[in-house]
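Have the viewer open and click along.

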Amino acid sequence: MRPILALAAALVSQAAVASTPPVVDYVYIEANEGGSSGGHTAIRFGDETYHFQHERPGVLRLRRDDWQHFRYAYGVLENRTMHVSHVAVSDDVYARLRQGFNERYLGERRVFAHRDGLRDDRLLLELLLARRRGEPGGAVRLRGAGFFFPDDGSGASVAALALRQRVQQTYGAEAIRQRSDDIGAELAHLAPAAFASPTVDLPTGGYPVFTYPFSSRYRDLVTALIALRALDRARPLRPGAYRSPSGSAFDLDATERHQLAGYADRLTDDLTRLFRSDRPDWGFAFLVGMARLQALRTSDETGRWVLLDAFPPESEVIRVSYVRQHRGAVIALRTEAAEEFAGARARLRATEDLNEAGFAEVEATANRLLELDAALAGDHDLRVSSGALVPSRDAPWSELVIPDVTQDELARALAQTRAAEKVFVEGLRERYGYDLIGRNCVSEIFRTVDAAGAEPGGRVDTRWSLDFIPFVAADAVNATWNVVQRTTLPSYRRSRLDDMCRHESPLRVRLRESNVITSTIHHRNVDDSFFLLFTDDLVPLRPLFGAVNVASGLGVAAVGIPLLPFDRGETLMSGVRGALFSVPELAFVNLRKGSFDYVPREQRPDASAEVAAGTTSFQPLSQH
Amino acid sequence: MTAGMAIGEADPMKSRVIVRLVGVLVAVPLAGCSVSVSSWSLSKSVRSSSHSSDSSSSSSPGAAERAYREDVTDYTRAYAKSHRGDFAGFQADLARIAEEHGITNWEENPATYTAIGEGLGSAEVSDAELMAYKRNLSGGDARKADLIQQGYDSAR
């Protein structure tokens, strides 16, 4: 009887959801000190959150984060309260809005990649011109080459020999040489003039269209030649290109060994097909695949995880001195990383057909774990990456094929590329430059909504009003869009305070938690400016507390002056910033909330439940 | 952690709006719209912030593959609407998007072809254009061409 009732309830529930419209969330995030003193806004579609972020060098970039990550960054670490307006829309409006934001996101990334492509074009042409003039030296850095080169003369890899044999069996004994000759011939005749002029104008609408430039073709061809050389010489992985961690935590169990062996076999098939691929950049994928194949075969042989170094060359780096300052947080993050690695291994063991994505997850989580271990051991700076980890170790390559073109032709191409890069970068600055009023995190959300041609209610215009200010815009959304419910997600500290007040004397909690000295929730984060009293939860006392904060900030600044030669002005700046961000408190305005360097997983808000709420449909309560 | 507020209830935010406006206008020129916590970088040591590209950070099983498929679909639709015929450019951008999801050999991932087909379907490309994409991307592999067709049909 019970299963029948459960089934009936599920069917009724599904029918109810199906009959109600989907929901888009407009999120206003309260201010904090520093670069977020004006507040922030975002728009959320299920677990996707889009927001425009002000970044160096003064540009506003569209970012996309999963909701859990966004919530943790802004609501927990930055300790900022979020106000969520749930907006009911039709299926069509929902789809058009989501597509509008995602297409803008993808297109914008393409635009910035074109800027990088123009820079690469210029650098390559400068190098080729120098070589044509007879000037030696110089090299291009090529992704993927660093797994096997420079060649240190070490013996052949058994796994690479087997792959080479497989390729030769499939395509013929001369296949590698033939393909190398073909690519070499194309490189020799590659002429910049044969490529369309670099695109200098920023596209005005639709997905940006840029030409496949000379430098990309050149790099792709040279990378393919390197892949063929690595295969032909059966090059083994270079020391440092892979990780072979010690300790029983990295032992493979029988299921894992079976999975890895099966995946290695499939990867051999994949690489054999990739050898003949038409995709222009097949060389890079081949180098990564061949490197992974060797790591997989070694793992199988030794019964232990052997993994490529997956951090990209351009990874963000956190200095070891900063790691030392935040050692407690790093230790906790290490525990989390170990759990992520264990989870990825469990999924790998459970999967039926391990593919690249499944293997890459284990590879990435292991890399993050080992990187934290090394940083904690004080070995080196901590590399971090907010994107997916794709093994792409690079190496300088000086063995360049100089295309059979005249010096004048190379010089002309270089001049053209320099001019194009200059114009494009200027245009980029103009188009994507941050502007406090005209182009900020609020204005661009409404522009993107307008461009999608799907209004979630009335139109919000930030041009002739104060709607460019995040909290004013939130009011405008509530008044204009089809908001069916509003939710407040308290900052981490306020949430903990509320929780404590339910279990202890509220007065005692308020007194204890009102300052950074006796607070049990907040422990001073060295990234914050100096302050003594929290003012975000006590409105009537805010000016009084603010005066104490201003005075203490100035006092610390005064102490910082004689400390200048010893702490490079850190104390002075902390005091000055502390006093500055306390001034608004005198007028009942709170900006600073204090921030956290780490919060344990069990104390974080249940963002997955919030995601579920975000995807749940609401019936409209009223029209505005 | 969550406090709900129905429409029509008194909004404490509104009553303080003038005072806050003055304060914020004083403070806002300092900066806006950026992340201010330096230690936020530390958390990147554990997880990827990209769009569910790390399945461990996603809210449901299969989210990583769904995210990849959605990006390829959205990209293909946008590309097909704006541009025609440059398959080298299409593949170069596709490779960039796949890498953001941790995939280097996108040719061996069946989801790639289904998603391309879905993108072409929602861009409402002609039969001739569909054939051109199938011919240029399948490399003569009937299975890949079928997946593109299936995706195309599902989006029409």
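A:Asp450 counts as partly exposed, at 26% relative accessibility; here buried means under 20% relative accessible area, exposed over 50%, and partly exposed in between (1.4 Å probe, protein chains only). Its side chain meets that of A:Arg459 in a salt bridge of 2.9 Å, N to O. The term salt bridge stands for a side-chain nitrogen of Lys or Arg within 4 Å of a carboxyl oxygen of Asp or Glu. A:Arg459 is partly exposed too, with a relative accessible area of 46%.

## What you are looking at

This is a predicted model, where local features need pLDDT of at least 70, side-chain atom pairs count only at pLDDT 80 or more, and totals for chains, interfaces and linings use all residues. Residues are numbered from 1 along each chain as its sequence is written, chains are lettered from A and ligands numbered from 1 in the order in which they are written, and side-chain values use heavy atoms, with hydrogens and water left out.

Side chains of opposite charge can pair when their charged atoms come close. How many salt bridges does a search of the whole structure find? Over all chains, the count is 71.

One of them joins A:Glu30 to A:Lys593, with the closest N and O atoms 3.9 Å apart. A:Glu30 sits in the loop between strand 1 and strand 2 of chain A, and A:Lys593 in the loop between helix 18 (570-586) and helix 19 (607-615), so the pair ties together parts that are 563 residues apart in sequence. Helices (H or I, at least four residues) and strands (E, at least two) are DSSP runs, numbered from the N terminus. A:Glu30 is buried at 16% relative accessibility, and A:Lys593 is buried at 3%.

Another bridge links A:Arg63 with A:Glu55, and there the closest N and O atoms are 2.6 Å apart. A:Arg63 is partly exposed, at 21% relative accessible area. There is also a salt-bridge network with members from chains A and B: A:Glu48, A:Arg98, A:Glu103, B:Glu70, B:Asp74 and B:Arg77.

## Around A:Glu33

Now click on A:Glu33, in the loop between strand 1 (23-29) and strand 2 (40-45) of chain A. Is this residue buried or exposed? A:Glu33 is buried, with a relative accessible area of 4%.

Its side chain has a polar contact of 3.0 Å with the side chain of A:Ser529 and another, of 3.1 Å, with that of A:Arg577. A polar contact is a pair of N or O atoms within 3.5 Å; within protein, one must be able to donate a hydrogen and the other to accept it, and residues adjacent in sequence count only if both atoms are side-chain atoms.

Helix 3 of chain A covers residues 91-132, 42 residues in total. From first C-alpha to last it reaches 60 Å, close to the 62 Å expected at 1.5 Å a residue; the expected span is 1.5 Å times one less than the number of residues. After helix 3 comes A:Gly134, with a positive phi near 90°.

## Chain B

Chain B has 8 helices and 1 strand, running β-α-α-α-α-α-α-α-α from the N terminus on. Of its 156 residues, 58% count as buried.
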